[in-house]
Amino acid sequence: MSTELDVFVGNTTVLDEDVYQLWLDGHTVSNAVRIRMEAGALQECEANAEVLHSDTMDQFRTFQMCERLLQSPSKVANQLLFQIPPHRQTMLIERYYEFDSVFAREVLGKKLSKGTKKDLDDISSKTGIALKCCRRQHVFKVVEELKGPLVENIQRHFLLSDVLARDYAAIVFFANSRFETGKRKLQYLSFQDFAFCAGQLISYWTVGAVNNVMEDLDVDLEKEFLHDLKDLKVLVNDKDMLDQHKSLVCAQLRGKIKVFSEMEASFKNLSRALVNIASKLTHTKDFRDLFIDLVEKFIEPRRSDKWTIGDLRLFLKHYSSSVHTLEAFRHQVIWDRYMGVIKSCILKMYHD
Amino acid sequence: MPGKLKAKIVAGRHLPVMDRASDLTDAFVEVKFGNTTFKTDVYPKSLNPQWNSEWFKFEVDDEDLQDEPLQITVLDHDTYSANDAIGKVYIDIDPLLCSEAATVISGWLPIYDTIHGIRGEINVLVKVDLFNDLNRFRQSSCGVKFFCTTSIPRCYRAIMVHGFVEELVVNEDPEYQWIDRIRTPRASNEARQRLIFLMSGELQRKIGLKVLEMGGNAVVGYLQCFDLEGESGLVVRAIGTACTLEKISTFPATATYPSNSSPSKDMKEPGFGEETPGVPLSSGPPTPLRAQTFSSFSPSKSYSRQSSSSDTELSLTPKTGMGSGGSAGKEAGPLKALLRQQTQSALEQREYPFFTLTAFPPGFLLHVGGVVSARSVKLLDRIHNPDEPETRDAWWEEIRQEIKSHAKALGCHAVVGYSESTSICEEVCILSASGTAAILSSRFMQDGPLDAEHRFEEVVSPGCGFCHIPYDELNIPFPAQLTYCYCCRHYKVPDVLFTTIDLPTEANVTGKGCLIQARLCRTKKKAQGEGNATAISNLLPFLEYELHTQLMNKLKLRGMNALFGLRIQISVGETMLLGLASATGVYLTALPSPGGIQITGKTPSDITYEQHISNMQKKINDTITKNKELYEINPPEVVEEIIGSPIPEPCQRSRLFRSHSESSDEVSELDLSHGKKDAFVLEIDDTDAVEDIHALLTDFSIPAGFYSCNTEIMPGIQNWTSAIQMFTSVRVFRLNNANLTNQGLNKIFSDLCENLLKSLYFKLRSMVPCCLCHLNFTVAIPEDELIQVAVTAVAMSFDKEQSLENGKQSGEKTLIKAITDEQLQFNLELNAETSSSNPLSSPKGITMEKASPLPEGRSRSLRSNRSYSGSSVAVVKMTPLSFIPGAKIIRYLGIINMFFIRETTSLREEGGVSGFLHTFIAEVFAMVRAHVAALGGNAVVSYSMKECVFMENPNKNQAQCLINVSGDAVIFVRESELELTSVQPQSATTQTSNCGEGT
C-alpha cells in the first residue's frame with residue numbers, strides 16, 4: 001500500500017521560506033524532512049512525519065518547477081503559471097542568487113566565463129560548499145556580454161537587490177580586471193572587503209563613471225585617468241611641494257593623533273608610497289597588484305607602527321585635503337578622484 | 001446575419017524555441033471560427049512576436065456564436081516541411097453575448113498544447129457586434145445569463161424564480177472512434193477538447209432557450225457535468241434554476257422587495273399536469289413514466305434496477321433523511337392551510353419542482369423536510385443516434401420522478417439544493433440525485449397566489465421556521481421523535497435534521513460547526529454485465545445505510561443535531577464500492593439537544609467484556625464533552641415539561657447501529673450522562689462493531705485555530721479578513737494487497753481522507769486562525785486497486801476577537817491586517833488587482849500598483865530600482881464560495897467553463913505522476929486566471945473542479961488527465977475602497993462599459 005500521487009496546488013503559490021533554503025542548500029527530501037523535524041516542525045499543527053514528508057516533497061517540486069523561471073528572473077513577474085505576490089517573488093530571486101562569501105572569496109579574480117566549471121568544482125571541494133553555485137555562472141556569462149552600467153545591468157536582468165547586485169558586480173569586475181587577490185598577505189581580507197573596494201573602483205575610476213556613453217562594458221578603468229595619475233608624482237618629486245604638504249598636514253594633526261611623531265618623521269615615505277602606487281597603475285602588472293601594493297607598502301607598515309584606525313582616518317583626511325591649498329599643484333581633480341577611492345579602500349582594508 | 005465577431009492578434013511572448021538551429025521561432029497565428037479561418041503574417045525569428053494584425057471579422061449566426069469557441073492556433077512556419085503547431089487557445093465568447101457581462105476580451109492568454117502544456121502566451125482582442133433580431137423562432141438564446149453560483153448572485157435581485165431547467169446532449173467520444181487508431185494523441189485530445197467545448201455551448205444555448213420560454217432571463221446554480229461513457233459515448237448534461245433577475249442599480253440600502261405582480265407573459269404550461277400517484281417510499285417497480293417518452297423509442301436494452309426499493313428493508317433509510325411529521329398547518333388555522341395548498345398545487349403542476357439553489361432570498365424557504373435521494377444502476381449501451389438522446393433522458397426522468405415522490409411523502413412540494421451525479425466503471429453507471437424536500441413561499445413564483453395574502457405565511461420566525469416539520473405528525477413515513485421548537489415553542493421540530501442546502505443565514509445556531517464525514521469501502525466480486533449491475537444494486541442500500549449511521553454517530557459525538565450541505569458520493573470500481581458522505585454539522589437552537597451515544601454488549605455475562613464496554617462508554621462520553629467545549633455548544637437549559645409536549649417513550653429510541661430484533665432492556669439501567677431521554681444505542685455484537693466504534697473515536701481532531709466546513713460559511717465566524725487561499729489537492733493511493741477485508745479497506749480509505757486533511761491543515765498553518773470552507777471531496781476509483789481523492793476548498797483567515805464592528809471598520813481592519821501581517825505567507829492582498837493592460841478592469845477608485853519605470857540616465861546612487869519589467873500580472877482570486885470576504889462584487893462577467901486534456905509520453909522526465917499532475921493543475925489555474933483577467937475580471941467565484949480524471953501507465957511512461965472546471969468571472973472591489981470612493985461606483989460602471997464599447 002502506498003501513496004502513488006500527492007499534490008497540493010494553491011491559487012496563490014504556497015512557499016515556505018525555510019524549506020526553500022533547504023532546497024537551495026541542495027538537501028535531499030529525506031534530509032530536509034530530518035532537519036525540519038529537528039527544528040521542531042512536528043510541534044506545529046499536530047503534524048506527523050508523513051505530513052512533513054508530503055509537504056517537503058510538494059515544496060521541493062514547486063521550487064523545481066519555479067527554477068526554470070528563476071534562471072531568467074525578469075520572466076518571474078510576467079509569467080502566468082504561478083501567482084506569487086511581488087514581495088515573495090523578490091524573496092525567491094534574491095535567495096536563489098545569494099551566495100556564500102567564503103565561496104565568493106575563492107572565485108574572486110578567476111576568469112569566470114571560460115572553463116570555470118572545473119575551477120568551481122575545485123573551489124567547491126575546497127570550501128565544502130555544495131555546487132549549487134553553478135546556477136550563478138550564467139549571471140557572469142550574461143553580464144559580461146552586456147553594455148552599460150554593471151550594477152544596473154545585473155539588477156535589471158536578474159532583479160536582485162542592491163547589495164546582492166553589487167556583490168555580483170564585484171566578482172565580475174575582479175574577474176575582468178584580474179586583480180591579484182590570492183596572495184597569502186591578502187588572505188586576511190574578506191569577500192566583503194573586496195566587494196566594497198570593487199564598488200569604489202567601479203563608481204569612480206571606470207569609463208562609465210564619468211560619461212554616459214554606453215559603448216562598452218563599463219568595468220574597464222578609464223585609461224586616460226590612469227595615465228593622468230603619473231602627474232601626481234610631482235607631490236613627492238618636488239621638494240618644496242613635499243615640504244609644504246608636510247607642514248600643512250602636521251599643522252592640522254598636531255596633538256590630534258597619537259602617532260604624530262612617527263607620522264612627522266615618515267611623512268615622505270607615507271606620501272611616496274601612495275603616490276607611487278598611483279603613478280604605476282598604467283602598467284597592467286602593477287595595476288593587478290593594486291591590493292597587494294596597498295597592503296605591503298602602506299597598510300602593513302602602519303599596522304606595525306600601531307596606528308589606530310582613527311589616526312589613519314584623520315591622517316588620510318588631511319593628507320588628501322591639504323593638497324587643495326598647494327598653489328603650485330594643478331591636478332586637483334585627478335588627485336581627488338584618486339584619493340577618494342584609495343582612502344576608503346585603505347580604511348576598509350585596515351583591520352586584522 | 002445577426003452577429004459579427006472580430007478578433008485581433010496583437011503579440012506573443014515567451015514562445016518556445018521551435019528551430020533548434022537558430023534558437024528562435026518563426027511564428028504565425030491561425031484564427032478559426034466555424035469553418036472560416038484567417039492567418040496572420042509570419043513574424044520571423046522571434047520568441048516575442050509582434051503581429052499586430054488587422055481585425056479578423058467573422059459574420060455568423062448568433063446560434064453559432066453560442067455553440068462555437070473561437071479557436072486560435074499558434075504555429076511555427078517551416079518552409080520545407082509541415083508547419084509545427086505550438087499550441088492553441090480556445091476562447092468562449094459567450095460572455096460577450098450578454099449586455100451586462102463583458103464587452104471585450106483582451107489580454108495575455110496561455111498557449112496550450114495537450115502534450116507540452118503551456119507554451120508561451122498570446123495577446124488577443126475579441127469583440128462581438130450583435131444585431132437586434134426579432135425572429136421569434138430563433139434557435140439562439142443570447143442574453144440569458146448563466147451563473148454557477150447556487151444563490152441569487154450578489155448584485156442582482158430575484159424578481160421570479162421559475163424553476164428547474166435541464167438538458168443533455170450526447171455524442172460519440174472521439175477517443176473511441178476508429179480514426180483514433182491512426183491519428184496522433186495530440187489530434188485525438190484536441191478533437192475531444194473541441195467537441196466538449198461545442199457540446200457545452202450547444203447545451204448552454206438549449207438551456208437558455210428553455211429559460212426564455214419560461215419567461216426568465218437567467219440560470220442560477222448552473223451545474224454542468226460530462227460523463228465519459230467510453231465506448232458508448234460522451235454525455236454532457238446540465239441542470240439549473242431559471243430565474244428572472246434584476247440588476248441592483250443603486251446601493252442596497254434602497255433595495256426593495258419586488259412585487260409579485262409581474263407582467264403576465266404567456267407562459268407555457270409546465271409539464272403535463274399529470275402527477276405520479278403518491279407512492280410514498282414504495283418498493284418494487286419504478287414509478288410509471290410518461291408514456292410519450294417511451295413509446296417513440298426503440299426498446300431499450302439497458303438494464304435498470306432502482307435502488308430505492310431498499311426502503312422497505314430498513315426501518316429508517318438515509319434517503320428520507322431525518323424529517324419528521326409536521327402539524328404546523330393545524331395550528332395555523334384554515335386560511336394558512338388553504339394557502340399552502342394553493343402553493344403546493346401550483347408547484348405540483350410543474351414537472352419537477354426542483355431548485356439547484358442552496359441559499360435563498362429571505363422568506364423563500366419556509367420549511368425543510370429532510371434529504372431525499374435516489375440512485376439507480378444502469379448498463380451503458382452504445383448511443384446509436386446522437387440526435388436522439390432519449391435513453392439518457394429517460395434514465396434521469398425516472399430518478400427525478402422518484403425524488404419528487406419522496407419529497408411528497410415528506411409533505412413537501414419542492415426539492416431544493418438539488419444535484420445530480422454519475423459514477424461510471426466500464427459499462428456500469430450509477431446515476432444519483434439528491435436534494436432537500438422543502439416547502440417554499442410562493443413569493444417568487446409566477447403561479448403563486450397574490451401578494452396580499454403573503455402575510456399569513458410570515459408568522460413563522462426566520463430563525464427557526466425552516467426547522468418546523470412540513471409533514472403531518474400523525475402520518476410520519478418513518479419513526480421519528482418530534483418536540484416543540486426550542487425557539488418559538490409553537491411548532492413541532494424533528495430531533496435531527498439533514499439537508500443538502502447551505503445553512504440559512506438567519507438560522508439560530510448555537511456554537512460553531514464542523515465538517516463531518518462518513519467514509520465507507522465495500523469489496524465486491526468482479527462481474528460482467530447484468531450480474532455486475534445486480535450486485536452493485538444490492539450493495540447500494542447497505543452502503544447508504546451505513547454511511548447514514550456513521551454520519552449520525554459522528555454528529556452525536558460532536559453534540560450537534562443538524563447537517564447542512566450533505567453530499568453523498570458513491571463511486572464504483574471493478575472490485576469495490578466507495579462511499580463518501582460530507583456535511584457540515586451544527587447545533588440548531590430550535591432542535592432538541594442530541595442524546596448521547598450509548599453502547600451495549602450483546603453478551604453481558606463476561607466481566608472483562610463489561611469492563612471494556614464501560615471503558616469505551618467513558619471514552620465516548622469524554623469525547624462528547626470535549627467536543628461540546630471545542631465547538632462552544634452550550635444551549636440554554638430548557639425545562640421540557642412546561643410545554644407539555646409528549647415526552648417520547650423510551651421504546652421509541654432509534655436503534656440504528658447493527659440493531660438486532662431482540663430488545664435491549666438492560667439499556668435503561670446504564671447511567672447515561674448525556675441525553676436524558678434518548679441516547680443513541682450502539683450494540684456491540686462482533687469485532688467489526690468494536691472496530692467501527694474505535695474508528696469513530698480515533699477520528700483525528702482539528703488542530704487549534706482551524707475550523708472546517710463544506711458549506712459556504714461557518715456559523716459563529718463573521719469577521720473574515722481578506723486573506724483567502726483556494727487550493728486543490730489530489731491523492732492517489734494504491735492498494736497493493738489484493739485480499740483486504742471490508743474493515744481493512746475502510747481503515748485505509750478513512751486514513752487517506754484524514755491524512756489528507758492533516759496535510760491541508762499543516763500546509764495552511766500560517767493562516768491561523770482560519771476556516772477551510774467549502775471543503776469539497778471527490779472520490780474515484782481510476783482503476784483496480786487505486787483510490788483517488790481530490791479536494792478543492794478555500795482557506796479563509798478571520799480575526800480572533802469577536803468584535804462587533806460595523807462593516808466599515810472591519811473592512812479597514814482586514815485590509816490593515818492583510819498588509820501588516822508579514823507572517824502570513826501567501827495571503828498578502830495586492831492592490832494590483834486590476835490589469836493595466838485591460839481598460840475594462842479598472843473601475844475608478846481602485847488603487848493600482850504600477851511597475852515602477854526604470855530609472856532614467858545612469859544614476860550611480862545605487863538606489864533600489866528593481867522593477868518588475870513589463871506589465872505586472874494582475875492578481876485573480878479564486879474561490880469556491882459565492883462571495884469574497886471584505887469585498888463587494890460589482891459585476892458578473894460571465895460563466896467560466898473550461899475543459900482541458902493533458903497527456904505525456906515522458907512521465908518520468910516530467911517528475912512522475914505527481915510532477916505531471918502538479919504542473920497540469922497549476923496550468924489549469926493559470927488559464928482560468930488569464931481568461932478571467934482578459935474578460936476584465938479580478939476573481940472567480942463559485943469555482944469548482946467538477947472532473948479530474950487521471951489515468952497512468954508507468955510502464956509505458958505515459959499518463960493522461962482530463963480536468964473540467966467552472967465558475968463565475970466577476971469584478972469585485974474592496975469594501976474599504978468602496979467607501980473611500982462611495983460617490984463614484986455608479987459612474988465607474990458606466991465608464992467601464994463606455995470605454996469597452998468605445999475601443
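Modeller: A residue is buried under 20% relative accessible area, exposed over 50%, and partly exposed in between, with a 1.4 Å probe and protein chains only. This is a predicted model, in which local features need pLDDT of at least 70, side-chain atom pairs count only at pLDDT 80 or more, and totals for chains, interfaces and linings use all residues. Residues are numbered from 1 along each chain as its sequence is written, chains are lettered from A and ligands numbered from 1 in the order in which they are written, and side-chain values use heavy atoms, with hydrogens and water left out.

Colleague: Why is Gln617(B) called buried?

Modeller: Its relative accessible area is 11%, and the cut-off is under 20%, so Gln617(B) is buried. The residue belongs to helix α8 (residues 607-630) of chain B, a helix being a DSSP run (H or I) of at least four residues, and a strand one (E) of at least two, numbered from the N terminus.

Colleague: Which residues is Gln617(B) in contact with, leaving aside neighbours within four places in sequence?

Modeller: They are Ile597(B), Gln598(B) and Ile599(B); contact means heavy atoms within 4.5 Å.

Colleague: What makes Asp352(A) count as exposed?

Modeller: Its relative accessibility is 78%, and exposed means over 50%; therefore Asp352(A) counts as exposed. Asp352(A) lies in the segment after α19 (332-349) of chain A. Residues up to four places away in sequence aside, Asp352(A) touches Tyr188(A) and Arg303(A). Asp352(A) and Tyr188(A) are 164 residues apart in sequence, with their C-alpha atoms 6.9 Å apart.

Colleague: What makes a set of residues a nonpolar core?

Modeller: The members are buried Ala, Val, Leu, Ile, Met, Phe, Trp, Tyr and Cys residues joined through side-chain atoms within 4.5 Å. The largest such core has 266 residues, of which Met263(A), Phe315(A) and Tyr338(A) touch the most other members. Helix α12 (residues 912-934) of chain B supplies the largest share of this core, 15 residues. A second, separate core of 47 residues includes Phe360(B), Val416(B), Ala562(B) and Ala887(B). In soluble globular proteins, nonpolar side chains tend to be buried together.

Colleague: Why do β19 and β20 of chain B stand at the edges?

Modeller: Two strands pair if DSSP finds at least two bridges between them. The open sheet of four strands has the order β19-β21-β22-β20 (chain B), with mixed pairing. β19 (497-498) and β20 (509-523) of chain B each have a single partner strand, so one side of each is left without a neighbour in the sheet.

Colleague: How many bridges join β19(B) to strand β21 of chain B?

Modeller: Two bridges join β19(B) to β21 (residues 562-572), and the strands run parallel; the definition requires at least two, so they pair. Within β21(B), Ala562(B) is the bridge partner of Leu497(B). Helix α7 (residues 529-557) of chain B packs on the sheet, where it touches β19, β20, β21 and β22 (576-588) of chain B, and its direction makes about 150° with that of β20(B). Such angles run from 0 to 180 degrees between N-to-C directions, with axes fitted to C-alpha atoms, for helices over the stretch in contact.

Colleague: What pLDDT does chain B average?

Modeller: Chain B averages 75, and 69% of the residues score at least 70; pLDDT is the predictor's confidence in each residue, from 0 to 100. Over residues 803-870 of chain B, pLDDT stays under 50. The model scores ipTM 0.79 and pTM 0.79.
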